[in-house]
Amino acid sequence: MTRHARIVDELGRLIVSGVFGAGQPIVPEDLGRRFSASRTVVREALRVLESKGMVAARPRVGTWTRPPEHWDAIDSDVIAWRVDGPGRARQLAELGELRRAIEPQAARMAAWHRRPDELAVLVAAYGLMEDAADVRAFREADSTFHAALLRASGNPLIARLHIPVVAALDEVPGEDVLSAHSLVLAAVLGKDADGAETASRRLLDIVTPDLGALA
């Protein structure tokens, strides 16, 4: 990890953890001393965090942290920092709610639209899940499967949500999990929109934890 990336990561975690609370002034010179980094590197890091909605900057006013409602909720870094932070349970619950709201409809739309390129990715990803030698390989293939399913919906807005959906995945190999994925795949390939939606809901019932316990 470069120094620039390290500062972005560490500062992002400090903001999420509340060490740098909402509305707190950010002084680049102080950060430079804290991270042993040049003013240029610090300002580049702050620009990245500004693009994620975590800090704001104004000429002759300065830079300050912004509250969570302004953060880019589907940014992969923001999601990771929240999952690793004190709000882990709430973030996991939100991700689970998002999956339940989006994936079944995406599966239904995938059966309607049947985009050949994404269907090929789905089939290949499922094959890799079957052949996975360890949990890491399984999860990589699983991530590819779910991202392709959202893209196969044919809706670019839904497809954009593959970032938080993939971030929410915590599935492990097992006959029940594989069987549930196979039912989703079979329904999509078979142009069975109702079946695809139902199969997706059943899959989520298996792989997502009880949301009430996470709230």
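These are my notebook entries on what I looked up in this predicted model.

**Ground rules**

I count residues from 1 along each chain as its sequence is written, and side-chain values use heavy atoms, with hydrogens and water left out. Since the model is predicted, local features need pLDDT of at least 70 and side-chain atom pairs count only at pLDDT 80 or more, while totals for chains, interfaces and linings use all residues.

**Entry 1: the whole chain**

I started with the overall make-up and noted 12 helices and three strands in the protein chain. Helices (H or I, at least four residues) and strands (E, at least two) are DSSP runs, numbered from the N terminus. The C-alpha trace spans about 60 × 35 × 30 Å along its principal axes.

Next I looked up burial: 43% of the 215 residues are buried. Here buried means under 20% relative accessible area, exposed over 50%, and partly exposed in between, with a 1.4 Å probe and protein chains only.

Then I checked contacts, meaning heavy atoms within 4.5 Å. Of those between residues at least 6 apart in sequence, 67% join residues at least 24 apart.

**Entry 2: salt bridges**

How many salt bridges does a search of the whole structure find? I get 18, taking a salt bridge as a side-chain nitrogen of Lys or Arg within 4 Å of a carboxyl oxygen of Asp or Glu.

I picked out a few. D84 and R13 pair up at 3.1 Å, N to O. That one links distant parts of the chain, with D84 in helix α4 (residues 76-84) and R13 in helix α1 (residues 3-17), 71 residues apart. D84 counts as exposed because its relative accessibility is 52%; R13, at 33%, counts as partly exposed.

D75 and K52 form another, at 3.0 Å, N to O. This pair also links distant parts of the chain, 23 residues apart: D75 sits in the loop between β3 (62-65) and α4, and K52 in the loop between α3 (39-51) and β2 (55-58). Buried or exposed, I wondered, is K52? K52 is at 8% relative accessibility, so it counts as buried. D75 counts as buried too, at 15%.

Salt bridges with shared partners join R82, R90, E94 and E97 into one network. E97 is partly exposed at 39% relative accessibility, and R90 is partly exposed at 32%.

**Entry 3: α1 against α2**

I turned to how helices pack. α1 and helix α2 (residues 28-35) meet at an angle of about 110°, with their axes 12 Å apart. Axes are lines fitted to C-alpha atoms, for helices over the stretch in contact, and angles run from 0 to 180 degrees between N-to-C directions.

The two helices are therefore roughly perpendicular. For the wording, angles under 35 degrees count as roughly parallel, over 145 as roughly antiparallel, 65 to 115 as roughly perpendicular and the rest as oblique.

The crossing of α1 and α2 is right-handed; a crossing is left-handed if the near helix is turned anticlockwise from the far one by less than a right angle, and right-handed if clockwise. R6, I7, E10, L11 and L14 of α1 make the contact with L31, R34 and F35 of α2. I sorted these residues into five nonpolar, no polar and three charged. In that scheme Ala, Val, Leu, Ile, Met, Phe, Trp, Tyr, Cys and Pro are nonpolar, Asp, Glu, Lys and Arg are charged, and the others, Gly among them, are polar.

**Entry 4: α7 against α10**

Helix α7 (residues 135-151) and helix α10 (residues 175-189) pack at about 30°, axes 13 Å apart, so α7 is roughly parallel to α10. Their crossing is left-handed. On the α7 side I listed F138, D142, F145, H146 and L149; facing them in α10 are V177, L178, H181, V184, L185 and V188. By class that contact has eight nonpolar, two polar and one charged residues.

**Entry 5: single residues**

V184 came up again when I checked S200, which touches E103, P104, A107 and V184, leaving out residues up to four places away in sequence. S200 is in helix α11 (residues 193-207) and is buried, at 2% relative accessible area.

Last, I looked at backbone angles. S36 has a positive phi of about 55° though it is not a glycine. S36 lies in the loop between α2 and α3 and is exposed, at 51%. R114, also not a glycine, has a positive phi near 45°. R114 is in the loop between α5 (88-113) and α6 (116-131) and is partly exposed, at 27%.
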